[in-house]
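I'll talk through the DNA side and then the packing.

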2 protein chains.
Amino acid sequence: MKEGPDIALLGSVIGDPARANMLIALMSGKALTATELASEAGITVQTASSHLSKLEGAGLLQQRKQGRHRYFALADEDVAEVLEALMGLAASRGLMRTRTGPKDPALRRARVCYNHLAGDLGVQLFDSLQQRRLLTGTETDFALTDAGRDFLEDLGIDVEALERERRPVCKSCLDWSERRTHMAGALGTALLDRFIGLGWAERVPKSRIISFSPKGQKAFETHFPTVN
Amino acid sequence: MKEGPDIALLGSVIGDPARANMLIALMSGKALTATELASEAGITVQTASSHLSKLEGAGLLQQRKQGRHRYFALADEDVAEVLEALMGLAASRGLMRTRTGPKDPALRRARVCYNHLAGDLGVQLFDSLQQRRLLTGTETDFALTDAGRDFLEDLGIDVEALERERRPVCKSCLDWSERRTHMAGALGTALLDRFIGLGWAERVPKSRIISFSPKGQKAFETHFPTVN
DNA sequence: TTCATGGTTCGATGATACCCGAAGCATTGA
DNA sequence: TCAATGCTTCGGGTATCATCGAACCATGAA
């Protein structure tokens, strides 16, 4: 009888698109509810529940009950590392997905990633700042230029206050869903908060969608234009 | 549209037991033919061919034509590393396979591994020698004792001749299919040859099965008993 | 208690794909 | 040229499993 680690089981568990989406969503380190994960994977809650129990059965997830909610998170660091390794290998082989992902296009347009803006608009924001030399440096390691500081102050962001925080001000987020960089860190958080404070956008309850009003949409385009 | 590394595709490719068996067999670093891999996975060549093209399509394998044969090997080091990581994770979650593997129980009983005996009998052989202090050392690094040399000489094996070869005489093989150690190296080869020479066993054509005759079976048990 | 919400379980459906028999190429040797 | 070997392709049978509707539990609020 052949014995040994059952990588086939592990592979098949990871190998379902819905489950893979959930796992990658959980790579944020955050614990998410079944409903959130279902939305993330673009499936119904029943289906998600089935997937979650499989993932838990394989030891990839841990579950924490808290009141009426059940929070799911990756079991430990090792799981995240293996997923990371798989993503690296997939990327190096040019295995990119296209049609999977959340059904709701709003999620792809603008959503919250931790506490900053992700999705198309998140990428646009970063590109715009970089194209106009308000940022300097590389995609992964960058900083505000003087012009950048002025620009953000005009927008009503207290850059100096951000710099007093412990968190890095400028931090790139190579979000799993995009291969493009977008802005994270203290500045990323401040920008999203400011958009909401200005009434440009609001968080849609019970989802990760950021909904821009028509006026806010226009203002965003004005402040963060891109060449193409 | 979500884009990013498609770990689901990668997972599903690895996630089939037959393909996983092939991949693990290739982790030896050796290039194997389609027929060998089919036998390793316990499936027919046609099916194996289909699997191999999928693995190659996913960039996990590379193929080398040589005459009438086609040798398959892991594409590169990265693939092996990811597989290793998966095996580690699976092991840490207690995900061990039990019922998979070659369908033919004869293959599990006694088969050739490169050029030495593997399977249940291979493990039994090693255990027996170790229990009776004919071997000294650890599971991975061991040597013959004087008693061991005498024992093998009685069996008709020219130990001194083996020692004149370049290959190590004693070498453990932590075969991928067994977590138990069995005997490889020049001595492993010599033992298998001797079993065949003595008429205890013979290689079944076109497979890796080693078939022991009833008489050979009994002689093997006599020479290599185990306590349990 | 009653209602509402978050999740799970059950059953049925449909699609995916694993598998092998048979036939078809390709290469080598006689 | 013929035969043998190694491998791939094709076609169909079968089984697994993802999916969702509906019903069922559990927790918390009114």
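So, H4(A) is the top contributor to the surface near DNA strand D, giving four residues; near here is a heavy atom within 4 Å, and helices (H or I, at least four residues) and strands (E, at least two) are DSSP runs numbered from the N terminus. Quick caveat: this is a predicted model, where local features need pLDDT of at least 70, side-chain atom pairs need 80 or more, and totals for chains, interfaces and linings use all residues. Residues count from 1 along each chain as written, chains are lettered from A and ligands numbered from 1 in written order, and side-chain values use heavy atoms, with hydrogens and water left out.

Of the DNA strand D atoms within 4 Å of the protein, 67% are sugar and phosphate.

A:Lys54 puts a polar side-chain atom 2.2 Å from a phosphate oxygen of DNA strand D. For B:Ser49, the side-chain N or O to phosphate oxygen distance is 2.7 Å, and for A:Thr47 it's 3.1 Å.

On to packing. The largest nonpolar core has 64 residues, with A:Leu60, A:Leu61, B:Leu60 and B:Leu61 making the most contacts inside it. By core I mean buried Ala, Val, Leu, Ile, Met, Phe, Trp, Tyr and Cys joined through side-chain atoms within 4.5 Å, buried being under 20% relative accessible area (1.4 Å probe, protein chains only). Apart from that lies another core of 33 residues, including A:Phe151 and A:Leu187.

Terms used:
Polar contact = N/O pair within 3.5 Å; in protein donor to acceptor, adjacent residues only side chain to side chain. Buried < 20%, exposed > 50% of the residue type's maximum accessible area, 1.4 Å probe, protein only.
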